4 protein chains.
Amino acid sequence: MTLKFGVIGTGAIGREHINRITNTLSGGKIVAVTDVNNEAVKSVIDEFQLDAAIFPDDHSVIKDPNVDAVLVTSWGPAHEHSVMAAIEAGKYVFCEKPLAATAEGCQRIVQAEMKQGKRLVQVGFMRRYDSGYVELKRVLDSHDIGEPLMIRCVHRNTSSNENYTSDMAVSDTLIHEIDVLHWLVNDEYQSVQVFFPKKTKHALGHLIDPQIFILETKAGIVIQAEVFVNCNYGYDIQCEVIGEDGVAHLPEVSSVVTRKEGKRSTEILVDWKLRFQDAYDKELQDFMDSIRKTGKPNGPSSWDGYIAAITSDACLKAQQTGEKELIQSVEKPVFYQNTPQLSFKQT
Amino acid sequence: MTLKFGVIGTGAIGREHINRITNTLSGGKIVAVTDVNNEAVKSVIDEFQLDAAIFPDDHSVIKDPNVDAVLVTSWGPAHEHSVMAAIEAGKYVFCEKPLAATAEGCQRIVQAEMKQGKRLVQVGFMRRYDSGYVELKRVLDSHDIGEPLMIRCVHRNTSSNENYTSDMAVSDTLIHEIDVLHWLVNDEYQSVQVFFPKKTKHALGHLIDPQIFILETKAGIVIQAEVFVNCNYGYDIQCEVIGEDGVAHLPEVSSVVTRKEGKRSTEILVDWKLRFQDAYDKELQDFMDSIRKTGKPNGPSSWDGYIAAITSDACLKAQQTGEKELIQSVEKPVFYQNTPQLSFKQT
Amino acid sequence: MTLKFGVIGTGAIGREHINRITNTLSGGKIVAVTDVNNEAVKSVIDEFQLDAAIFPDDHSVIKDPNVDAVLVTSWGPAHEHSVMAAIEAGKYVFCEKPLAATAEGCQRIVQAEMKQGKRLVQVGFMRRYDSGYVELKRVLDSHDIGEPLMIRCVHRNTSSNENYTSDMAVSDTLIHEIDVLHWLVNDEYQSVQVFFPKKTKHALGHLIDPQIFILETKAGIVIQAEVFVNCNYGYDIQCEVIGEDGVAHLPEVSSVVTRKEGKRSTEILVDWKLRFQDAYDKELQDFMDSIRKTGKPNGPSSWDGYIAAITSDACLKAQQTGEKELIQSVEKPVFYQNTPQLSFKQT
Amino acid sequence: MTLKFGVIGTGAIGREHINRITNTLSGGKIVAVTDVNNEAVKSVIDEFQLDAAIFPDDHSVIKDPNVDAVLVTSWGPAHEHSVMAAIEAGKYVFCEKPLAATAEGCQRIVQAEMKQGKRLVQVGFMRRYDSGYVELKRVLDSHDIGEPLMIRCVHRNTSSNENYTSDMAVSDTLIHEIDVLHWLVNDEYQSVQVFFPKKTKHALGHLIDPQIFILETKAGIVIQAEVFVNCNYGYDIQCEVIGEDGVAHLPEVSSVVTRKEGKRSTEILVDWKLRFQDAYDKELQDFMDSIRKTGKPNGPSSWDGYIAAITSDACLKAQQTGEKELIQSVEKPVFYQNTPQLSFKQT
Ligand SMILES: [Mg+2]
Ligand SMILES: [Mg+2]
Ligand SMILES: [Mg+2]
Ligand SMILES: [Mg+2]
């Protein structure tokens, strides 16, 4: 009953997933590994004391009959090739974002998966597994606040490094809102416009920061999404859904409250890795549990990866034009429609 | 040392101001009253046991030598006429919003007041006296959060009545944000664009509700301002200023916290009158105190009334066009520049 | 309709009351003043530009026919004498705590007031006028949380000065909880026991600090009351009532929330004077309004001053013995029973 | 490297631990099971598809050479016998509370474990693994609020069933505070006194509820601990530590905030099982990880079980006498002193 993983890419995120499958989660095992850097592969096998075979490339990992599922954690441009090969081999795939480097690449994966006839792919959009978003979705689905009309959200990072460019506000940052918000309200995106506030002195010269994206959905929901990656005070994710009958807020991260020196205060996370650590655990546990129980993964699909890609493309265009840009309208195939609800246990 | 008021208009807001000057505040007295409705005047004199003369029209009130200051609480279209007459008579004026029915009318008042040579007029923008906004401004002025880059604010009412029309989202509702926000950040408005989310089922047929206004200031601050007058859950005013070094939030209204039936909860005001009741008291007390101490009013000026009018006009146009509309750029005269800071005592 | 005050004692609290009657509140006027320090009297008349007569002693103030109400703000040991004289003269009295230096003194005042036949005296227990306590009482009286079973409360000061002694934890600090709590739950005290936690290093050598008082009421409510006057972080008043159906908390003081340097924080007051400033205003305004409207004061009565005194005495004894001490049981006379509810307007 | 468990007792808590070891945690496996009820054993093997041997009694489980660690989840009176046998066999033991039915039984286990020469036993006090308490301890250990002087805590349950008796307020409820609080402040208990507030109408006739325990530690910390098992509104655990320099509060459970129908509210858990679900996972994961990494368990020890027992005994006596009762003073053996700090990863 153990799901045997072949890992393609042993960089930072690869090692983390290997660690959690090996030492934290239940039901998985790393049996095969490859990386362009041979030393990296050896060190990971040593560090986690893996009983795993080393392979020269992604194809040989995928073809290994011992491998049930492929973990794609290589660099982005290589994802499409590995995912396509895994689908052709009929193997399960957990692929970190992006699913492919272009919307067309995502579309090819969607078509390959549909042709092959069974859901095999899960994309690493972990926010859907965060207990806060899960609870927020439960409130929305209960109709407790009625039909959603607006969303106000915020994605703030303490600071960005010198490699972070203005387009990455979309491809690396807003991408998480893009995925989680349409899932939250069961809706699709229609248009986007970008506003550029006064730039913070804490951003490097080449970078536009902050940025505000106004997205509209097919149902008419207006989303105000702030991306601010040099906010200077912490990693802060906020989301508020305004409905016809009330408002629901993503919970703040819970923390000790202190009263000291004239202030009542609570810590805000500074390290973004801590914010969604539980969600990373849960997305992979659910991947394993769903396959064991239903024969297929249950999380964000290839289609979700494709939607994220076409929405990102429009956001990037809107950054250039300053105008309201339409987001390509696509019809969700029946194949992807009856996605079962998240089944994992919430605390 | 008592400031003697002549009141023009004894409708709802007029009676409230008469009540607070008579029974709550210190240093003022109602000595003259007029209203188009004679019965209303008599009933107000009876109710508050005023020792005040009844006059047939605004001019006779203004000319009464016993009157030091004129309280203009008639209906909006009549304001300009009374304010102009008071300025010409060299009397102090406290005028409820709008200062005049048009931007041109406001401009005429500004010019008359400047020509006359001394600040006489205060406009009833009470939010600047709300302890929450005052504290928020204190935080901003201390540079504790650095230069402001963005503002996110919300103006929600439980429900609107049948006379409330889509343009009143600007002239009656957003107008308070328009006045208070540029004061808060010492900046002027440059452009505005409107987004119309899906309409709530709780709004009447003729009304567009909610509406989102994106305002940009000359310094580059982007303001996201939501107006939602049928939010169905309460009267809720929120304001968050995002600076280069941190964020500051207008305090929530303080209220008893209860734990009951599986919920920890706090009451939200439903009646909007309660939200700024203290601010209404303070604006009039400050009007009286400033005149006693400095010989002129210290609160929102004719110029502020004019700025509110030209900004409203652009917002109304933006509602029609759906495009980004420029807000008329005007240079603040020296006459209005050295407005002393609010001097009233804060708790 | 103006209530004319004679002031006995122009120290700190006397000056504050003179200021608020003169410059903040409506319906009162200072017409007579006395103090053992002649310079103090003159300076207060100058500072507030009072049109008031100077008298040599409390008796002459009280006898002045121009005086409607006496404000007793002398030092504690002198209170009883002035209050008794005012009652005998049939004049209204607003007396700062303590009503008298001993429980017997309070009892004499109660008897004199009853004999004289009409409520004349209000004691300066201002917490009953704090909007938080008023709202908390409203929740309790609504039976929203059912019958109260327990109260947990906290009275913390940043630091105490060298004149503050261990018994003052009762007579100056806990005294406010003693008055407000039995009013809050309509109950009387039965016993008290004191616990002395480890002493804080911030307290001076002679002082026991913190102290915990466990009070039990006749109805069986157990009150856990912490007094901690060198808590080192701020002035912090907390009160939580646990009922059969839920819990209600006194609201925290509302303040701007900031997000900065990895913390979400709110200011806690450090200066205790700011905490109940509005309540001080309201208690005197209500004193004046009630006399005008009903012919007698409506706030904390002589009886309440007497109850505070006998409860304090038991708390002081419990400090000495470490045992559970009974609180003298007294029957509330009909004269004091039908105290009308607080009538002042709440925001 | 897999830790092989033998389970003694397959009632509710036994099944839950079997489930988490099998389906949630990493590094453990159920290989042997026994229960007085044969059907229960079979059903648990079926339900969780265990590859485990069925044994007739605790001794045979313990002796099975395949078993590395024993999970004692039988009923309380049977614990001591199984734990003693496991220690004699040199096997690891995870024992649910109570460690033994009496303080003497706990003492015998402590002596057996010391004689045997190595820490083998962990007691199921899960709160030490709750992320809130862990963070609170981190704050205390950092000396951020200085030396602790007082603790105010609350243990409330929505309702108790008919089998719950007044002594269980100590043995089943307060027992968790008893364990976690002395760990939190690195201190030992000295005395306890009980106060009985007015009984709630929601408690059955035989039950005293609520109860307040005032505990004093050797260092002089005074703990005010409320037990209220029919509070009627939810499962609510609160803990506030007041130090010389400030105060730290256990975080409230984080939850979606809604604004609806005039209230801003957050859900309070009603089902107590959800509150410490993560802590239950972490205590067992840490048991396995610590044994793998250090050769011995790292959590609450036999000594902690013993301390809980002698403290409970004094609390029970105090319930009877109403007097302050001393808690037996015992010296912690060196064997138990150098307990390594919690090593598990916190999010
Ligand atoms: Mg991921
Ligand atoms: Mg106004
Ligand atoms: Mg007072
Ligand atoms: Mg346990």
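## A buried threonine in chain A

Thr10(A) is buried: its relative accessible area is 3%. Buried here means under 20% relative accessible area, so Thr10(A) falls inside that cut-off. The model is a predicted one.

Where does Thr10(A) sit in chain A? Its place is the loop that runs between strand E1 (3-8) and helix H1 (12-23). Leaving out residues up to four places away in sequence, Thr10(A) touches Arg15(A), Ile18(A), Val33(A), Thr34(A), Asp35(A), Ala40(A), Val41(A) and Val44(A).

## Chain A as a whole

Chain A contains eleven helices and 15 strands. The radius of gyration of chain A is 20 Å, and the globule rule gives 20 Å for 347 residues, so chain A is as compact as a globular protein of that length. Along the principal axes, the C-alpha atoms of chain A fill a box of roughly 55 × 50 × 40 Å.

How much of chain A counts as buried? The share is 63% of its 347 residues. Now take the contacts in chain A with a separation of 6 or more: residues 24 or more positions apart account for 73% of them.

The surface comes next. Chain A exposes about 13000 Å². Carbon and sulfur atoms supply 50% of that area. As for charge, chain A has 36 positive and 48 negative side chains. The centres of the two sets lie 3 Å apart.

Start with chain B. The contact takes 40 residues from chain B and 41 residues from chain A. Chain B and chain A bury about 3200 Å² between them, with 54% of it on carbon and sulfur atoms. Which three residues supply more than any other three of the area that chain B buries against chain A? They are Arg152(B), Lys198(B) and Glu244(B), which give 21% of that area.

Now turn to chain C. Here 15 residues from chain A meet 15 residues from chain C. The area buried between chain A and chain C is about 1500 Å², and carbon and sulfur atoms give 46% of it. On the chain A side, Arg259(A), Gly262(A) and Arg264(A) lose the most area to chain C. Together they make up 42% of what that side buries.

## Backbone exceptions

Most residues other than glycine have a negative phi, and most peptide bonds are trans. Some places in this model depart from that pattern.

Gln49(A) is not a glycine, yet its phi is positive, near 50°. Its loop lies between helix H2 (38-47) and strand E3 (53-54) of chain A. Is Gln49(A) buried or exposed? With a relative accessibility of 67%, Gln49(A) counts as exposed. Asn186(A) is not a glycine either, and has a positive phi of about 55°. Asn186(A) counts as exposed, at 58% relative accessibility.

There are cis peptide bonds too. One joins Asp209(B) and Pro210(B), with omega about 0°. Pro210(B) belongs to the loop between strand E8 (189-195) and strand E9 (211-217) of chain B. In chain D, a cis peptide bond joins Lys97(D) and Pro98(D), again with omega about 0°. Pro98(D) is found in the loop between strand E5 (92-95) and helix H5 (103-116) of chain D.

Arg275(C) lies in helix H8 of chain C, which covers residues 272-275. Arg275(C) is buried, with a relative accessible area of 12%. Apart from its neighbours within four places in sequence, Arg275(C) is in contact with Asp130(C), Tyr235(C), Ile237(C), Leu250(C), Val253(C) and Leu269(C). How far is Arg275(C) from Arg127(C), by their C-alpha atoms? The separation is 10.0 Å, although the two residues are 148 residues apart along the chain.

Ser301(D) sits in the loop between helix H9 (277-294) and helix H10 (302-321) of chain D. At 4% relative accessibility, Ser301(D) counts as buried. Which residues does Ser301(D) touch, not counting those up to four places away in sequence? They are Arg119(D), Val121(D), Val123(D) and Tyr336(D).

Definitions and conventions
Residues are numbered from 1 along each chain as its sequence is written. Chains are lettered from A and ligands numbered from 1 in the order in which they are written. This is a predicted model: local features need pLDDT of at least 70, side-chain atom pairs count only at pLDDT 80 or more; totals for chains, interfaces and linings use all residues. Side-chain values use heavy atoms; hydrogens and water are left out. Helices (H or I, at least four residues) and strands (E, at least two) are DSSP runs, numbered from the N terminus. The radius of gyration is taken over C-alpha atoms; the globule rule is 2.2 Å times the number of residues to the power 0.38. Buried means under 20% relative accessible area, exposed over 50%, partly exposed in between (1.4 Å probe, protein chains only). Contact means heavy atoms within 4.5 Å. Accessible areas come from the Shrake-Rupley method with a 1.4 Å probe; for residues, only the protein chains shown count as cover. Lys and Arg count as positive and Asp and Glu as negative; His and the chain ends are not counted. The place of a charge is taken as NZ of Lys, CZ of Arg, CG of Asp or CD of Glu. Buried area is the accessible area (1.4 Å probe) that two parts lose on being put together, summed over both.
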